[in-house]
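Reader: I am new to this structure. Can you show me how to read it, one feature at a time?

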Amino acid sequence: MLENIQNISAEIDKFNSQDTTEIENFRIKYLGKKGILNDLFEQFKNASGEEKRALGKPLNELKTKITEKYNEQKSLIEDNTSKKDFIDMTLPVSNDLLGSRHPINIVMNRIIDIFKRVGFNISYGPEIEDDWHNFSALNFPQDHPARDMQDTFFVNKNPDYALRTHTSSVQIRVMENTKPPIRTISPGRVFRNEAISARAHCIFHQVEALYIDKNVSMADLKQLLLYFAKEMFGSSTEIRLRPSYFPFTEPSAELDVSCNICKGKGCNVCKHTGWLEILGCGMVDPNVLKNCNIDPDTYTGYALGMGVERIAMLEYEIKDLRLYFENDIRFLKQFSTAL
Ligand code: DAH
């Protein structure tokens with residue numbers, strides 16, 4: 001029996017586990033009702049007086065050893081689990097996961113802010129638009145190329161519904177529902193059926209502006225454009241208007257601003273002209289006013305529309321449109337300090 005006790009004692013010395021079930025099995029095996037220790041004490045009871053004298057001490061020592069081992073292993077494992085759950089509230093905060101605004105949103109918010117400061121409110125319209133609001137009311141002729149499947153995403157190939165190709169559609173919705181004076185901007189996403197490249201994308205963003213009142217003239221438009229250009233690109237910015245054509249404005253123009261990268265000297269961005277085209281504009285065509293039940297003999301107005309990606313490209317010298325949509329964290333992180 002003494003040899004048995006010594007063997008068991010050696011087994012106990014060796015036991016080491018991080019596993020709760022193994023530790024529980026250890027308890028059952030050695031300390032359980034039908035466990036080894038109880039068995040040894042049974043044998044001890046039946047031993048002769050002389051044997052008892054020899055075995056008493058080692059058997060009691062074994063009992064203490066097993067109990068201590070069990071308690072020690074159990075508290076070790078409890079200690080480890082509580083360490084895992086422990087949150088150190090004194091650690092400094094990690095900034096790694098802090099998000100940043102998308103450059104398109106940053107620029108869009110700046111544009112909105114510039115217009116808000118001179119009394120424009122904001123109107124939103126649907127991204128799926130009907131033919132009337134996207135084309136017909138805006139004076140697009142039936143055979144205009146924009147009405148072609150190659151240029152426009154029609155919904156279920158139904159020519160009556162399309163993803164809006166411009167935010168000019170919101171002009172119509174506002175004019176149909178509001179009596180002049182109207183002074184509103186419409187920011188939003190627009191869609192065109194274009195092959196994706198560095199210079200073209202099938203989704204982009206526009207901000208449209210519309211002002212309708214009595215006696216609104218081209219001079220008012222020019223004044224607003226100068227204000228906008230200086231606020232957006234800096235106070236030394238100059239503007240020029242070039243005649244253009246849009247079905248919904250008459251006369252129509254395109255706005256160029258002096259290149260703020262080369263300060264007008266000529267560079268790659270302005271293609272050595274010293275000027276950058278940034279938006280389309282004009283006086284709202286009387287047909288458009290009539291389509292919205294606004295009397296063109298009483299009211300006139302101007303409208304303009306710009307691509308936000310284009311402005312952001314100039315602002316941040318971004319050369320590839322696709323970067324805006326890929327959401328590569330290395331690209332986005334560069335704007336984390338901007339508001
Ligand atoms: N809707 C035009 C486009 O997407 C932009 C535009 C040009 C809007 C002239 C206007 C405007 O309101 O007057 O290209």
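Reader: How many residues of β6 are buried?

Author: This is a predicted model. A residue is called buried when its relative accessible area is under 20%. In β6 (203–213), 9 of the 11 residues are buried. The strand is mostly covered.

Reader: Which strand does β5 join, and over how many bridges?

Author: Look for bridges, then for direction. Strand β5, residues 182–191, is joined to β6 by 10 bridges, and the two run antiparallel.

Reader: In which sense do β6 and β10 pair?

Author: The sense is antiparallel, over 8 bridges. Find Ala209 and look across: Leu304 in β10 stands opposite.

Reader: How should I think about side chains along a strand?

Author: In a regular strand they alternate between the two faces of the sheet.

Reader: Now the ligand. Which residues are closest to the ligand?

Author: Start with the shell. It holds 15 residues, and the closest are His166, Ser168, Arg192, Gln206 and Glu208. By type, the shell divides into 5 nonpolar, 8 polar and 2 charged residues.

Reader: Which elements each supply at least two residues of the shell?

Author: There are strands and a helix to check. α7 (168–177), β6, β9 (275–284) and β10 (300–307) each supply at least two.

Reader: Where are the polar side-chain atoms of Glu208 and Gln206 relative to the ligand?

Author: Go pair by pair. Glu208 places a polar side-chain atom 2.5 Å from an oxygen atom of the ligand. For Gln206, a polar side-chain atom lies 2.9 Å from a ligand oxygen. Arg192 has a side-chain N or O atom 2.8 Å from an oxygen atom of the ligand. As for cover, the ligand has 360 Å² of accessible area on its own, and the protein covers 89% of this.

Reader: Why is α7 said to be largely enclosed?

Author: Count its buried residues. α7 has 10 residues and 7 of them are buried, so the helix is largely enclosed by the rest of the structure. The seven are Ser168, Ser169, Val170, Gln171, Ile172, Val174 and Met175. Ser168 is also among the residues closest to the ligand.

Reader: What do the buried residues of α7 pack against?

Author: First, the general idea. An α-helix has 3.6 residues a turn, so residues three or four places apart point the same way. Now the case here. The buried residues of α7 pack against β2, α6, β5, β6, α9 (286–291) and β10.

Reader: What is the order of the open sheet of 3 strands?

Author: Read across the sheet. The order is β2-β4-β3, and the pairing is antiparallel. β2 (128–130) and β3 are the edge strands, each pairing on one side only. β2 is joined to β4, residues 158–163, by 3 bridges. Along this pair, Ile128 stands opposite Leu163, and Glu129 stands opposite Ala162.

Reader: How many residues lie between β3 and β4 in their hairpin?

Author: There are 2 residues between them. In the turn, Asn156 has a positive phi of about 50°. The strands run antiparallel and share 2 bridges. Phe154 has Ala162 in β4 as its bridge partner.

Reader: One last residue. Is Thr152 buried or exposed?

Author: Compare its value with the cut-off. Thr152 has 1% relative accessibility, so it counts as buried. Its place is in the loop between α6 (131–134) and β3 (154–155). Leaving out residues up to four places away in sequence, Thr152 touches Phe135, Ala146, Ala162, Leu163, Thr165 and Asn193.

Methods
Residues numbered from 1 in each chain as written. Predicted model: local features only at pLDDT ≥ 70, side-chain atom pairs only at ≥ 80, totals over all residues. Heavy atoms only, no water. Helix = DSSP H or I, 4+ residues; strand = E, 2+ residues; numbered from the N terminus. Buried < 20%, exposed > 50% of the residue type's maximum accessible area, 1.4 Å probe, protein only. Contact = heavy atoms within 4.5 Å. Pairing = 2+ DSSP bridges. Near = heavy atom within 4 Å. Polar contact = N/O pair within 3.5 Å; in protein donor to acceptor, adjacent residues only side chain to side chain. Areas by Shrake-Rupley, 256 points an atom, 1.4 Å probe, with all protein chains shown as cover. Nonpolar A, V, L, I, M, F, W, Y, C, P; charged D, E, K, R; others polar.
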